[in-house]
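Trainee: I am new to this structure. Please show me how to read a few of its features.

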Amino acid sequence: MKHRRPSLKREVALWGEGRITVAGIDEVGRGPLAGPVLAAAVVFPVGVKPIRGLDDSKVLTPLQRARFARKIRERAFAIAVGAASVHEIDRYNIRRASILAMERALHRLGFTPAWVLVDGLPCPELGCEHEAIIDGDARCHSIAAASVIAKVLRDYLMDRLAARHPGYCWETNKGYATPEHLDAIQRLGPTRHHRYSFEPVAQIELLTISAAT
């Protein structure tokens, strides 16, 4: 079966209804054991030509994502990014933290979009008119663009953190629960950038405390 790329079909329909500023929004970093969750909002100008080959960030290589991020910045009318910290993830939960990141991204656009396209399920907490699209990052051009922008920035942040905290292999695993990451947490202990509310980290921390008492 031929792979279908994200299209501007939904954006074009909304533009036709007079909704000039349509924001696609997506978040990255819900699953890792370390690092923040990031969200990006991307608004393309009416009539923009689709970026050929743009796809869900998860199916692109790092080099492809970097190349598409440059093209997105060239063609977008507006781009903004928001984040929620590890502390907020642990304090609330990953879903609420993801909503916070999306709220911050939308706020940093500097204007209220006429319509928001969100990947996944509805997010009533956003407090704005929006439309949830299942697999939106694989179906909707604006959401796919947002996924790329968010992924590139989060990977960059994890690379920076990896240089400060060597041994956890964040430069390659980006904070996800790979065998080498789990092994490093057991050997070195969790850092302040780890999510203590996530089971693998919480369990290892509990074992560490028990062994010390």
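Predicted model: local features only at pLDDT ≥ 70, side-chain atom pairs only at ≥ 80, totals over all residues.

Trainee: How do helix 2 and helix 6 cross, and at roughly what angle?

Mentor: Helices are DSSP runs of H or I with at least four residues, and strands are runs of E with at least two, numbered from the N terminus. Axes are lines fitted to C-alpha atoms, for helices over the stretch in contact, and angles run from 0 to 180 degrees between N-to-C directions. Here the axes of helix 2 (residues 62-75) and helix 6 (residues 141-164) come within 9 Å and cross at roughly 120 degrees.

Trainee: Which residues of helix 2 and helix 6 meet?

Mentor: Contact means heavy atoms within 4.5 Å. From helix 2, R65, A66, F68, A69, I72 and R73 meet A145, V148, I149, K151, V152 and D155 of helix 6.

Trainee: Where is D135?

Mentor: D135 sits in the loop between strand 5 (130-133) and helix 5 (136-139). Its phi is near 55 degrees, a positive value in a residue other than glycine.

Trainee: Is K174 buried or exposed?

Mentor: Buried means under 20% relative accessible area, exposed over 50%, and partly exposed in between (1.4 Å probe, protein chains only). K174 has 12% relative accessibility, so K174 counts as buried. K174 lies in the loop between helix 7 (170-173) and helix 8 (179-188), and has a positive phi of about 55 degrees although it is not a glycine.

Notes
Residues numbered from 1 in each chain as written. Heavy atoms only, no water.
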